[in-house]
Amino acid sequence: MADIKWMDEVLKRKDDLIQDLQGILKIRSVLDEEHATDEAPLGRGVKDALQYMLDLGDKDGFTTKNAGNLAGHIEMGSGKEIVGILGHVDVVPEGDGWTVDPYSGIVKDGKIYARGSSDDKGPTMAAYYGMKIVKELGLPLEKKVRLIVGTDEESDWRCMDYYFAHEEMPAIGFSPDADFPIIYAEKGISDFDIIQEPQMKEDTQAFAEILSFESGRRYNMVPDYAEAHLTIRGEQAELLQKFQDYQKETGLSGKDFVDGGVLILKLEGISAHGAEPRNGKSAGLYLANFLSRFGLDSQGAKFIGTLNQFFDKSRGENFGIQYEDDISGDLTINVGIMNYHREKGGRIGLNMRYPVTFDIEAGKTKIESKLKEDGLLFGNFSDSKPHHVDKNDPLIKTLQKVYEEQTGEKAELLAIGGGTYARALDKGVAFGALFPGREDVMHQKNEYMYVEDLLKATAIYAQAIYELAGKQQQK
């Protein structure tokens, strides 16, 4: 292999890398189906972010292709096999509480701040610049290298479904959308709803009647905001004092006020990725826990009681499906969406991450049975199977070598509850870009990526691309 100083090559392009990254970070590429068109099926912002990457590829002399305005690729090299790199440019909603503009891409104190800076625009741009370095150095390739850009990773993966229905599957690849060193196993991911049908029974004896309860935007996020509307028949001052005490007890902040005779309670929690609910404080579950201390109308009490079962429990205990294995760890359940209206009933959206060896069909049966016992319905089930690559596979061995040479650290193999595009490949792993010891701020307010880490990841990706696709591999 040529004696290439990969980090030196990255540093030569540092200013351009940051400028190009800031350009895409300024695009609010949040799913917007309400304003979807044929040209922008997931919303204008998402389409603009995809086009930004394709235009960048065109400018730098790569071959590009738009796949149905849902995905696209940027390609170099030739050969029968394709090395795939799968990143995404859609982002989750910014949420509340930012201290900087979430779409500014501002660089401050060695960090670049924006929604998507670490998930996944920053790492995707690092991978792009890895390709650009290999291309500009004129290094010989025996395989095609294809950066596949997705636009629906945070929701339903319609981008990957469409792309691989029309384009060739890479022989091997990686996704820069998780942690370093190497994630070789990803849990299965299932979303489903608990549905409570409306009763429409007036309960005049209750201390309080819940008119509505709202919390959460996505299955895969710990909700950071909750709001309940109530009619109070008991002593309102007592409830408000206890609400103030509860905020002090939990360290959370909230608001209360009366509008048109309706008491409105608001509570702010701490958001986190749904793969590990313990990393956040669910505003919805905390508000439900508070309301459970009062006498509620029967229908509202049933909804709150169902939620309260999940308070401080995230390992499937409520359904009797606790499980772990040595490859991928614990089963987890996140309560991502909580909607209740007196006239419509309730819906609770759950996101379950299950280990590689878990029997999902048996688990599903247990969940349905438990809900039926409680007079609740099971609905809207979706499932993405677990993903696992053997630890001795040449793909993993190559990436371990690259990581260790670039960092001087041992390339441990990891398993995660998060789902990355690696599972869209027949043989793929997640490879960075969050380094060990760094705070995981994906899906959180003030999301950022260290500039130092962005540069280091770019060097790793550049070498990895050459090692996986370059002629020095064939001896």
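Predicted model: local features only at pLDDT ≥ 70, side-chain atom pairs only at ≥ 80, totals over all residues.
Visitor: OK, and which residue does Glu39 form a salt bridge with?

Guide: The partner is Arg44, and the closest N and O atoms of the two are 3.5 Å apart. Arg44 is itself partly exposed, at a relative accessible area of 40%.

Visitor: How many salt bridges does the structure hold?

Guide: There are 34 of them. One of these joins Glu343 to Arg342, with 3.2 Å between the closest N and O atoms; Glu343 is partly exposed at 45% relative accessibility, and Arg342 is also in the partly exposed class, at 30%.

Visitor: What about Arg438, which side chain does that one meet?

Guide: Arg438 meets the side chain of Asp453 in a salt bridge, 2.8 Å from N to O. Arg438 sits in the loop between strands E25 and E26, whereas Asp453 belongs to helix H11, so the pair ties together parts that are 15 residues apart in sequence.

Visitor: And Asp453, buried or exposed?

Guide: Asp453 is buried, because its relative accessible area is 5% and the cut-off for buried is under 20%. Arg438, on the other hand, is partly exposed at 29%.

Visitor: Which residues are joined into one network by shared partners?

Guide: Glu9, Lys12, Arg13 and Glu136 are joined in that way, through salt bridges that share partners.

Visitor: Switching topic: which strands pair with E15?

Guide: Strand E13, residues 225-232, pairs with E15 in the antiparallel sense over six bridges, and Tyr225 has Glu268 of E15 as its bridge partner. Strand E14, residues 253-259, also pairs with E15 in the antiparallel sense, over seven bridges, and there Lys255 stands opposite Lys266.

Visitor: What lies between E14 and E15?

Guide: The two strands form a hairpin with two residues between them, and Gly260 in the turn has a positive phi of about 60°. As for covering, five of the seven residues of E15 are buried.

Definitions and conventions
Residues numbered from 1 in each chain as written. Heavy atoms only, no water. Buried < 20%, exposed > 50% of the residue type's maximum accessible area, 1.4 Å probe, protein only. Helix = DSSP H or I, 4+ residues; strand = E, 2+ residues; numbered from the N terminus. Pairing = 2+ DSSP bridges. Salt bridge = Lys/Arg side-chain N within 4 Å of Asp/Glu carboxyl O.
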